[in-house]
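Subject: Structure handover

Hi there,

Here is the structure I promised to pass on to you. Have a look through it first, and then read on for what turned up.

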Amino acid sequence: MGRAAAGRENGVVEAEMVELLAAGSGIEAIKHAINVLCEPYWFLILSVAALIVFLVGYRTITKPAMAAAIAALGLLFFLSSCLDPNFFKIVSKGDNVPIVMMMGAIAFTLWIAFRQAAINDERMEKGEPLIEAGADDKVLVWPDLVYTELICLVLLTAFLTVWAIFLRAPLEQPANPNVAPNPAKAPWYFLGLQEMLVYFDPWLAGVLFPGLIIVGLIAIPYLDKNPKGNGYYTLKERPFAISTFMFGFVILWIMLIIFGTFLRGPNWNFFGPYEFWDHNRPAALLNVDFHDLFWIGLLGQPVPKYCLWREAPGIVLLGGYFVIGPLILRMFMRKLYRQMGFVRFSVMSMLLLVMLLMPIKMVLRWTLNLHYIVGIREWFFNI
Amino acid sequence: MPVPEERLYHPERLNKWFALASVLMLVSFCWMSLVDYDRPWRGYQEHYFVTKAAMAHLDYLNAIRADHRQELDRAKKELEHQKELAKTENAGKRKELEKKLADADFAFRKANGPWSRVRQVLEVTRDTYEKTLGEYGPDHPKTKAAHAAVVAQEQEFEQLQDVKELHEDAKKDYERQLRDLEMPVTKAAKRVTQLEKVADDALKKDRAYRGLLFKNGLLKNVPIVSDVINFPFFDFTAPKNTPGREQINQLVLPNVRQRLNYLETYTTDRCTTCHVAIDDPEFSKERLAQKLERSLPGINEELQRESKATVAVPTPPAGPDGATLPVGRVTDFWDVLTKTQQDDYFKALLASVNQYLESTGRKQLKLGQPLLAHPDLDLYVSVDSKHPMKHMGCTVCHEGNPQETDFVLAAHTPPTHKVEEQWSEEYYDKNLGIPTMTFATVEHYWDHPMRLPKYTEGSCAKCHSQITDIARFQGQRVGQRLNLGEHLFVTVGCIDCHNVDEIAKAQPNGPDGSRMKPRRVGPDLTHVAAKLKPKWVQQWAFFPQKFRPSTRMPHFFMQENNNADSANSFDTDPIMRTQTEVAAISQYLFAVSAPWKPLAKPDDVKGDAERGRKLFRKVGCLACHSNIAEFGEEWITKDLMHREGLDEETAGFRYKGMTPDERVRYAMKHFSTERDSFLEPDVVRFDPDKKYNTPVFSRFAPELSNEGSKVTFEWLYSWLRQPTHYAPDTKMPNLRLSPGDAADLAAYLMTLKDDSFDQHVFAMNKARRDMVDHLVFTLLSGQRSERRSRAIMADEGGALTEMLVGLLSSSLGEDHAYDLIRAMSLPDKKLMYLGSRAITHYGCYACHKIAGFEEASPPGTDLSGWSEKPIAQLDFAFYDHAFDKMRKSKDDEFGYVYLKKDAQLRQLSPLPDDTREQITLTHAAFAKHKMMNPRIWDREKLKRPYDKLKMPNFYFTEKEAEALTTYLLSRSHPRVNAPLKVNYEETTAGPIAKGRKLTRELNCVGCHQTEDNYPVIQQYFRHKLAGRLVTDVVNAPPILRGEGAKLQHNWFHEFLLHVQPLRPWLIVRMPTFNFRPDEKTTLVEYFAALAQRDSANLSGELAKVDEYIDKHKSKDKGKTKGGDQKVEAEGDASTSKKASPGTEWYEQDNLRQITGSLERFGVERELVRAGDMDPLTNSPDKLREAHAMLLDRERFLQALYDVDYPFVEPPTPLASQEQFDRGFHFLQDMGCLKCHVLGDMLPGPAKTTDDFVQMYRLDGVRGEGDSATVILNGEPHAVGSKVDGFTIVSGTNTVYDTGDVDTQAVVEGPNAEGETERVMLSAASAPNLSLAYQRLRRAWVHAWMLNPALIQPGTKMPQNFPGGVSPYLGDPNYPGTSADQINLLVDTLYDAGEKNVRVPLTKIVVTAQEEEFDEDSGGAEEFDDGG
């Protein structure tokens, strides 16, 4: 949306785009379409859709031929995109190459896991034994494990050396706290957190949420009493747990890293993968608080002066989300509730709701330009 | 540890994996090492050593050349011959001598023994005596006895010593004779050894290098030293700086700082890693060319020996004026070749040498950067230059990434797109392996990429923060771009809109104690209604260049973003809009213009245009103003004849065909290049030997060819009489014109009209009214709601009135402002409002003083640290990389500085039409293009009228734009420590820098030569003399070089404040300046500092020369003692007479720089002629003579210029009357009073002709014949008029070929007898001496008497004491030496001044034979000798 809005603002660019489209350059048109689809709004929707399709159709999709075809298509897309100088510049930047590799690695590991899950699920349906059945996990530390590890270590060293030869350390400006690099990016593994900063107050995005992620991860063994899926791959037996994990990991972590790496350019603006990172491109950013939407937009009344009264609608909304949310969850997940008990279920649903708050807030930002749901700046309390 | 037997994995397979992995790791490790080892800089260093090796080889070839070998053979034969001679002819003599020597030696030894013994015994006896003396006193017998012993032994010692010395001398004498006898042999042997050593050394060096560089394929079977010391992992073994060792060179520069993250740290430059030979004079292009050229004969001999084809000796290029240069010795004339000729010749030489090297299997040489030395080693890099590399490094000037050794990462800046493309292929892709890297990345990431060579001067300002102190260095002009840039920045008015801290801080404090702002460059507009008419103002403001193409006023309108083509949906008719704005501005200006009364002209004074015209040419206007109406015809016709080879008639016809505008444009194009008043002599190109010299079109002040169409007579009269009456802060000085002169000048200027300047008004029709409404509404609604805006527009509740009154009340007073506004109609009020906002928007108030805007802040960006602004903050519009496609597809839009369709701007712009512009994403490109076309960064953008870029167009030339860019690039935080910074407080640099700035700002340099500038006014003071065009030194404003050594500073202060005419015969006059506080002092300090600096420079340089001479003198003395004169004389047979030692200092290599500097100074000050210094055209004797003279004269000036500041002449008691009378007599005998006047005239009316000549002094005659004016005691009187009842009969100026003028007037009146007679008055042609005692330093007067021509070349003052010897030496009337006599003169002069002695003219009665007087007054010939 940012880009399209900028385009409207900057009539010339739009005219230029229109001209290029009208010129009938098919490739340009495709690139343009991809640029548009890479805007966060579409990107999120498409990713979630793709995840759903994947989880539903995992048995078909992970078939080797199918997977190979998808991989080939992806590779083809990537390679042909590399012909575009802007795309190539971004993906070939020394810092970004590992992320490109990570995309492939994630796809590959996902495929392995879900392929085995698909086979296991099929076998379970047929009543056949699992792949893992009868497998002996025993490994000797000496000499097998140590030896293997040594070999891996040597190979990896060689690999890193060759990598360093090919990707020279890039030129960066001298460190200067007065002149931050533009775009100023966190290390790749924190790009997801940095992306959250766009939507949430720093103490939420920088302190509370990361804390909750860690707490949540620690809590999983205590929350999850279900012995199924332990020691073997399956999706069918754990659809909720795996889907939730996949959403949190792939969409809210990996996707945001990709996002931050490839699509966030100067001034933290969105740039399509084929767009030049223009430092001077303006972006239309106009955010409104929920209290404005509620009092002025909905009720047509002046905004109350006292902050709590002013933010009451947001607080109610948020309170409702965290109170009614678990109740609704309980309604739909009676079985789970029975299994987990009240405390565990409450903790789980709170964690889940906090996680869901992220995409909800993103969508609200893109659709309603929502700044804060509760924005008590007086107390630095903003959600 | 037991090996477990259980294995789950296949061990063999793991072993194989392990083996494979290990091999892979080893391979990758080796690969890494190689990649790490193989750096581009190694190639450069290797090539450096290859070049050194090749040079050694060429030296060797040279040493074994046939003629050198023949010389050796000859020397050997000579040695044989001498040996033979010694054996035969001198054998007997030697034997005899040897025998005598043996005898003498024996005798000496015999005498020496007893002498030594007695000497030691005497010591003991003396000691005994001293002790007894101390213990017992002198009278004690013991003491007496001891004393007697001493005396006795002393006697014995004396005797023995005599004998010993006799024998010793004899022995030494024989030894010397023997040595003399053997001398020819020794000498011949020495010569042989010397010659052999040259060849041997060359061979050794060649071999050494061959060994060193085996790996470069120089030779196949020699130890591989270079390979070993550079082998990966082992390259640390050889110590640093071993020849052939490839290493990273690093300069640690504690005083050049870098800022890293709140921490300033020292810089380490590694540039010399690739630029290895940057400080090696051998690697300068000239020296390399010389070496290559000198080696060709040796090469060809070698090739002939091996019966191979020889290489070509390049044909010499044509010298200047078609002179032929000798084959094989072209490099001796290197300086006369043009840059291209040098390059071509160098290439040809290199090709020949490379051909040879290739034929011997050696590597070819590539002698370009990074291998060459710095092009200006005299000034930079080298150890004894002002900027030694060890202290300054490289990046302090060139910027870039100092620690990098990679071409790209060191941030080299490509000058053009083409180069950028080449580089990205060569370096970004190939070397660095980062194909996506562009220069934009470098500039984006590295704050300070390297500066293009043309902008490097921007860095000078880091240490030379005052900038003007670097205008010249030892006669060389340096820092021209930066200096011009700063000058333009201040004088065209950049500083008025854009603050720059350095300049703001340098302003003086005003009377109220606060820092003053720089003078506004535009005229004061607070009383504009009294000077100009609205219709003129409107036309002018809209398009100033139409009225006056050369004007300094920049052009705001009809530019690329507000001409007819630029209409967009927000700005439908830009021309109409801007015209309306101009109408509104003029409405505002005239409405607030305060009433002003011009100075009243006396009724009897009527302007005489013809007289005014003559006055205009002479009185000094032309130092600042030009006038094409007056000089255009002569200038342009001549220039056309010269430039295009037209005959006079055609040229005249062409001139007549030009419109006035075209004439001015022609002048701007061909007669001036910059808006700079400090003209360098080579800019003016005045050469007396040339038939044609281009005139100079000064743009310092308005060109006046159409002034009459602009102002009124009354205003002009008042302005000329007293400029500050109209504008208190104006730079225009007061020429102290009499009412008559001012009226004449004004009348003349009013005749200069240009009717082609269309004077219609932008009348307020319906469309314009609508436009006013539209614009006012736009402006109002930008800050408030539309409803409120409409209310204000309708002036509801007086809202608009209130706003306008608010704006004006502080300037006009609230009541007056209220009355003024209330009297206006609503449309006028709206127009007023629009005018005020337009003035705000365009920033008119920054350059002009306008009521209501006195306190407004500058409209432009603060440029104090501009060059440190991140590149991403500069808006390149669609020239950014993001729009590469657009740029390619819309070439017409993005390819040119000015759009192709924009004929108007292209015509006004001095850019050539086909200039394709290279816009790289750099600070420099941004600034330069903005300067050339200020609206370029709006191109293709859709903007509202008041969002558009508004910087006006100054129509800068490319050179000016680059100068300003250089200045802007210099605006950064100077990260250097104090030791590198110029000390302005305690050295002469400060006053000089300030003074230069001021003399340029006030245009003192338009009249006076203060340093090596060329005053523009001098072109009007040239006349033909013996076929040469020379400057009329006598009548032109005086040259002020060395003035600081001449004047008493108190007097100088007083003079600047109250100017009084010193040379009454001058028509051109020193104006009274409207100085700001401190400016007088700045000037006085400036001149004093100039003298001090010259003296200090000279004394430093002369000291070095003296040191050399002394050293050689003492050496020579030592030699003479040894008795070697004979050999000396023989050895230097080419010199006819024996040179005294050390006189050939100017040939010494280590004094090269100093010699150059001394020679330049001498030539510039006309102490010697440049031709006499040329070693090629002068014999050694002549050269020695010329240089000895140079030294003498420079010592003279050095002593003269060594002055104190502030200087006060110490009071000297008056001499006795007798002494004074003698002195006064001497003064007359010397003929001083033939040209000089002494004393002021007596007041009171004259009764007789005797009285008249006593009471009236003729100061000058203006005009000719009957219309001449005779100036008596400073008052002009027309010929025919009466003074004290005396009739002025005639006044004449007789101009001689020498340029001297005799000014005479004849007056008729009664003599003492009552008869009517005519007497002739002669004007003094030299200054009144009565002022000398206050004005001049005694020391200077003394020196001036001795040698006037040295102090002021071209002066009329004769040299009365040639060689310091008085013509009256030995005269009984004037006792003492010449120096005493000069002192007598000086004392008398000073006493006479103090006593106010006056010497009236002698009465000369004119009879019928007028020829007589010519003889009487014929001083011209006499002056010739001294002139």
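For the charge count that follows, Lys and Arg are taken as positive and Asp and Glu as negative, while His and the chain ends are left out. On that basis, chain A carries 29 positive and 28 negative side chains, and 8 Å separates the centres of the two sets. Please keep in mind throughout that this is a predicted model.

Chain A overall

Chain A holds 15 helices and 2 strands. Its C-alpha trace spans about 70 × 55 × 45 Å along the principal axes. Of its 383 residues, 39% count as buried. If you take the contacts in chain A between residues at least 6 apart in sequence, 68% of them join residues at least 24 apart. The chain exposes about 21000 Å², and carbon and sulfur atoms supply 73% of that area.

The surface of chain A has a patch of positive charge, where Lys228(A), Arg330(A), Arg334(A), Lys335(A) and Arg338(A) gather. Which helix gives the most to the positive patch? That is helix α15, residues 334–368, with 3 residues. Arg338(A) has its place in this helix α15. Arg338(A) has a relative accessible area of 63%, and because the cut-off for exposed is over 50%, Arg338(A) counts as exposed.

There is also a nonpolar surface patch of about 890 Å². Its members are Trp203(A), Val207(A), Leu208(A), Tyr306(A), Leu308(A), Trp309(A), Ile315(A), Trp379(A) and Phe381(A). Two helices of chain A, α11 (202–223) and α14 (307–332), each supply at least two residues of this nonpolar patch. Leu308(A), one of the patch residues, lies in α14. With a relative accessible area of 33%, Leu308(A) is partly exposed.

Some local details in chain B

One residue to look at is His1277(B), which sits in strand β11 (residues 1275–1278). Leaving aside residues up to four places away in sequence, His1277(B) touches Ala1268(B), Thr1269(B), Val1270(B), Leu1272(B), Val1283(B) and Ile1288(B). His1277(B) and Ile1288(B) are 11 residues apart along the chain, and their C-alpha atoms are separated by 8.0 Å.

The backbone of chain B has a few points for you to inspect. As you know, most residues other than glycine have a negative phi, and most peptide bonds are trans. Gln369(B) and Pro370(B), however, are joined by a cis peptide bond, with omega at about 5°. Pro370(B) belongs to the loop between α8 (339–359) and β3 (380–381).

Ile467(B) has a positive phi, near 65°, and is not a glycine. You will find Ile467(B) in the loop between α13 (460–463) and β5 (472–473). Is Ile467(B) buried or exposed? Its relative accessible area is 0%, so Ile467(B) is buried.

Glu940(B) also has a positive phi, near 70°. Glu940(B) is in the loop between α36 (923–932) and α37 (958–969). At 23% relative accessibility, Glu940(B) counts as partly exposed.

Happy browsing, and best wishes

Notes:
Residues are numbered from 1 along each chain as its sequence is written. Chains are lettered from A and ligands numbered from 1 in the order in which they are written. This is a predicted model: local features need pLDDT of at least 70, side-chain atom pairs count only at pLDDT 80 or more; totals for chains, interfaces and linings use all residues. Side-chain values use heavy atoms; hydrogens and water are left out. Helices (H or I, at least four residues) and strands (E, at least two) are DSSP runs, numbered from the N terminus. Buried means under 20% relative accessible area, exposed over 50%, partly exposed in between (1.4 Å probe, protein chains only). Contact means heavy atoms within 4.5 Å. Accessible areas come from the Shrake-Rupley method with a 1.4 Å probe; for residues, only the protein chains shown count as cover. The place of a charge is taken as NZ of Lys, CZ of Arg, CG of Asp or CD of Glu. Patches are made of residues with over 30% relative accessible area and no salt bridge: like charges are joined within 9 Å, nonpolar side chains (Val, Leu, Ile, Met, Phe, Trp, Tyr) within 5 Å. A salt bridge is a side-chain nitrogen of Lys or Arg within 4 Å of a carboxyl oxygen of Asp or Glu.
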